[in-house]
Amino acid sequence: MAKLTIADLKKIKEEHHQGLREGGFRAKITVHMGTCGIAAGARPIMNAIMEEMAKANVKDVAITTSGCAGLCSKEPMATVELAGEPPVKYISLTEEKMRKIFAEHVQGGKAVTEYALVIGHETTY
Amino acid sequence: METTYRSNIMICAGTGCVANGSLKVKDALETELIKRNLQKEVKIVLTGCNGFCAKGPVMVVYPEDIFYQQVKPEDVPHLVEEHFIKGRPVQKFLYTPPAQKDTIPVMNDIPFFKHQVLRALRNRSLIDAEKIEEYIARDGYMAAAKALTEMTPEQIVNDMKRSGLRGRGGAGFLTGLKWELCARVTGEIKYILCNGDEGDPGAFMDRSIMEADPHSVLEGMIIAAKAINAHYGYIYVRAEYPLAVHRLQLAIEQAKENGLLGKDILGSGFDLDIEIYQGAGAFVCGEETALMASIEGKRGMPRAKPPFPAVKGLWQRPSVLNNVETFANVPPIILNGADWFASIGSEKSKGTKVFALSGALNNIGLVEVPMGIPLKTVIFDIGGGIKNNRKFKAVQMGGPSGGCIPNSLIDTPVDFENINKTGAIMGSGGMVVMDETTCMPAMAKFFLEFTEDESCGKCVPCRIGNKTLLSILTRITNGEGREGDIELLLELSQQIKDTSLCGLGQTSPNPVLTTIKYFRDEYEAHIKEHRCPARVCTPLVKFVVDQAKCKKCGQCFKACPVGALKWEKGQVAYIDPEKCTKCKSCIKACRFWSID
């Protein structure tokens, strides 16, 4: 391996920054993965989020799962929570809808109201 | 670019957790994640010591910061299903404080972690110790870069002096001053040395740092080397620390490959090579001049000072020797400034100190706390109090060179000055906690056995004096103590302290002196009444049931392996002296102190 310079050190730091372990997330996305959610296709929704995360090289957003949200007929569902803002529950998701939510809500800061069920209540932590 | 994961599982791979099977848990997790097709979402990372060794194997799951303890390989499928698929922490493996019912899922809410301030252990549970990129990602080598390219040796020394960092090996000498003394000496060849010869029974601070964050030690050494203008360094590690040696070796190789050691580090024109020297585990080699003799291939024996190592050290060249924890403290000082470092701690003891908690505590492990924190907080809040609902009796600080601190001094602030006032020493950071089942003369005897064994034999007071101390303690604990023995112990102890050459002899009588100071009544009971109040010294125990105290519970009857105990429900127990082998199983089983 070549000798590092100080610029290289900074680059490695950027690339390997482990946002996951540092806390201080600006957003949290919860994919509801109860039996109903998984049956309705929560897995492709999760995959879509992971792909978007990798594509945009986002490291300060926490992705987590949770059980049934209690509205099985509207699965797959996901909840997006920006720091300091009330959570938004999205229903009847598809991969495309999820990608749009990621771009506009998570990255853009503006909730995609046409896919949203409700804003506020229920936080998971 | 690194793969994006949604979760990281940090599995502790410190010596303690590995012994508890953490690597098997890691294998089981790998298999299970592949089975569930989660291997691209969930990353497994092996870290150094997490600190909460009592609960091993332990793991921390990010981003939720959930702390799991005592997980077995067979539990893994359930854990993966619940946590990573259904997204709920598994109650069974969460921590529950002693005598409470509710679990605490989040690591930093657990009292053991909550009261800690991590500086020397800043990367604990956060990085893979064997990957240099993970160290760099946490600001690693940025301090070395700053020191090598932006600072003069004088500036480094000044920052270190202003920070108030004192040597973490035990003596507490101002680190910046030590560097300044050596920097002033002219000489073409100088050495930077790291003392990893941790030898106190019950101490594992340095081992954990070397295992968990080896690059932080190397970086501290690079900065020190620049300050004194040394181009060669040694890390002296005892061979009993194979994992520490392995990870340090790996770290040195990685640093060399990346141009962070060797010639022209980071293009700064500064050269430094570092090599590991494995010691054979002699306690005295933790003393600086003995350590240097050992590296030179000579017998590990101390020599008289002056000349001090800063003037004539290894191979008669100016040298600086610092402890592992001291070096680990250096990079953040350079990066964040002296004021940042001095912002916590007490008046003359700045920063934090790492302690290894062991003995009769609920939460055994490795902790880092601000200097000046009350001893009580360390033992009862972080340490979780005494095991089995017993009472706190004393804590031995500083290992065999230190002394005991009794319950009456439990509010003592933990810093160099205040601990010294009690007669104990900060030492390198071992805290062995004792409950009322510990006999203090027997405890002093245990440590004297250690120092008698480890004395290099150079000075007569240490070689013969410690042996004599031990023989007096042996006769006291055998019930053959004589009138005047306590005075003899005191006089001899003082002479050994006054006339020994090195720290070993100067401190070896401390356990005797402090136990007499605080527990003189126990010595008197042994000598005058032929009684061991803690019922530890077998020759002084009668093995008779006290009729008045016996609660007729039958625990002693169940514990006796030779059928010497006679007991029936509702009856006071009786020990048959003919059959009794004095194994003390009944004494350990009795909750009412009714066997004398």
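Analyst: Happy to. A definition comes in handy here: a helix axis is a line fitted to C-alpha atoms over the stretch in contact, and the angle between two axes runs from 0 to 180 degrees between N-to-C directions. Please keep in mind that this is a predicted model.

With that in hand, look at chain B, where helix α17 (residues 440-454) packs with helix α21 (residues 510-528) at an angle of about 135°, their axes lying 8 Å apart. Angles over 145 degrees would count as roughly antiparallel and those from 65 to 115 as roughly perpendicular, so α17(B) is oblique to α21(B).

Which residues make this contact? From α17(B) come M440(B), P441(B), M443(B), A444(B), F447(B) and L448(B). Facing them, α21(B) brings P511(B), V512(B), T515(B), F519(B), E522(B), Y523(B) and H526(B). By class, the residues of this contact divide into 10 nonpolar, 2 polar and 1 charged.

Now let us step back to the domains. Chain B is divided into domain 1 (7-109), domain 2 (132-342), domain 3 (352-435), domain 4 (440-528) and domain 5 (542-596). Domain 4 of chain B also touches domain 2 of chain B, in a contact that takes 8 residues from domain 4 and 10 residues from domain 2. On the domain 2 side, those residues are 8 nonpolar, 1 polar and 1 charged. The C-alpha centres of these two domains of chain B are 35 Å apart.

Next comes the chain as a whole. Chain B contains 23 helices and 15 strands, and its C-alpha atoms fill a box of roughly 80 × 65 × 40 Å along the principal axes. Its radius of gyration is 26 Å, which agrees with the value near 25 Å that a compact globule of 596 residues would have. Of the 596 residues of chain B, 55% count as buried. Among contacts in chain B between residues at least 6 apart in sequence, 70% join residues at least 24 apart.

Finally, chain B has a partner: 30 of its residues are in contact with 27 residues of chain A. Helices α5 (132-137) and α6 (142-150) of chain B each supply at least two residues of the side that touches chain A, and the largest share, 4 residues, comes from α5(B). That side of chain B has 13 nonpolar, 7 polar and 10 charged residues.

Methods. Residues numbered from 1 in each chain as written. Chains lettered and ligands numbered in written order. Predicted model: local features only at pLDDT ≥ 70, side-chain atom pairs only at ≥ 80, totals over all residues. Domains from an automatic or database assignment. Contact = placed C-beta atoms within 7 Å. Nonpolar A, V, L, I, M, F, W, Y, C, P; charged D, E, K, R; others polar. Parallel < 35°, antiparallel > 145°, perpendicular 65-115°, else oblique. Rg over C-alpha atoms; globule rule 2.2 N^0.38 Å. Buried ≥ 20, exposed ≤ 12 C-beta atoms within 10 Å, placed from the backbone.
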